[in-house]
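Reader: Could you walk me through this model? I would like to start with the overall fold and then turn to the charged side chains.

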Amino acid sequence: MKAIFKDVVVAESDDTVVVEGNHYFPDSALKREYTTFSNHRTSCAWKGQAHYLSLLVNGEMLPDAVWYYPEPSEAAAEIRGRVAFGRGVQVVE
């Protein structure tokens, strides 16, 4: 699987976990040179608190495009150490 923003692959892995229709990539698959800080947070009743990163590719910012659960609930343990992508990022095989 590949996550693509502005024709640039920002993550790539054969090992993704699908939860609620989102592919969660291993954290190590994320190309950190394309990420930047975000202080955005959301809560999910069954997964826990999500933290976000923004993407910055070729001068174009996509705020809060990457999310992860640093301390997911036991029910969502399979996404520990993984990241997923929101609108504006294509996830393709």
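Author: Happy to. One thing to keep in mind is that this is a predicted model.

Reader: Good. With which residue does Arg32 form a salt bridge?

Author: The closest N and O atoms of this pair are 2.4 Å apart, and a salt bridge needs them within 4 Å.

Reader: How many salt bridges does a search of the whole structure find?

Author: The search of the whole structure gives a total of four.

Reader: Let's take Lys6 and Glu60. How many residues apart in sequence are the parts that this pair ties together?

Author: Lys6 lies in the loop between β1 and β2, while Glu60 belongs to strand β7, which covers residues 60–68, so the bridge ties together parts whose separation in sequence is 54 residues.

Reader: And are those two side chains buried, partly exposed or exposed?

Author: Lys6 has a relative accessibility of 41%, and Glu60 has a relative accessible area of 38%. Buried means under 20% and exposed means over 50%. Both values fall in between, so Lys6 and Glu60 are each partly exposed.

Reader: Now for Lys47 and Glu20. Which of these two is buried?

Author: Lys47 sits in the loop between β5 and β6 and Glu20 in the loop between β3 and β4, so the pair ties together parts 27 residues apart in sequence. Glu20 counts as exposed at 53% relative accessibility. With a relative accessible area of 4%, the buried one is Lys47.

Reader: Stepping back, what pattern does the protein follow along the sequence?

Author: The protein has zero helices and nine strands. Read from one end of the sequence to the other, that gives β-β-β-β-β-β-β-β-β.

Reader: What is the radius of gyration of the protein, and what would a compact globule have?

Author: For 93 residues, a compact globule would come out near 12 Å. The C-alpha atoms fill a box of roughly 40 × 30 × 20 Å along the principal axes, and buried residues make up 44% of the chain. The value for the protein agrees with the globule rule, at 12 Å.

Reader: Which residues other than glycine have a positive phi?

Author: One lies in the loop between β1 and β2 and is exposed at 76% relative accessibility; its phi is near 65 degrees. Another is in the loop between β6 and β7, exposed with a relative accessible area of 68%, and its phi is near 50 degrees. In that order, these two residues are Asp7 and Asn58.

Reader: Last one: how far apart do the centres of the positive and negative side chains lie?

Author: The protein has 9 positive and 13 negative side chains. Glu33 is one of the acidic residues to look at, in the loop between β4 and β5, and it counts as exposed at 57% relative accessibility. The distance between the centres of the two sets is 3 Å.

Technical notes
Residues are numbered from 1 along each chain as its sequence is written. This is a predicted model: local features need pLDDT of at least 70, side-chain atom pairs count only at pLDDT 80 or more; totals for chains, interfaces and linings use all residues. Side-chain values use heavy atoms; hydrogens and water are left out. A salt bridge is a side-chain nitrogen of Lys or Arg within 4 Å of a carboxyl oxygen of Asp or Glu. Helices (H or I, at least four residues) and strands (E, at least two) are DSSP runs, numbered from the N terminus. Buried means under 20% relative accessible area, exposed over 50%, partly exposed in between (1.4 Å probe, protein chains only). The radius of gyration is taken over C-alpha atoms; the globule rule is 2.2 Å times the number of residues to the power 0.38. Lys and Arg count as positive and Asp and Glu as negative; His and the chain ends are not counted. The place of a charge is taken as NZ of Lys, CZ of Arg, CG of Asp or CD of Glu.
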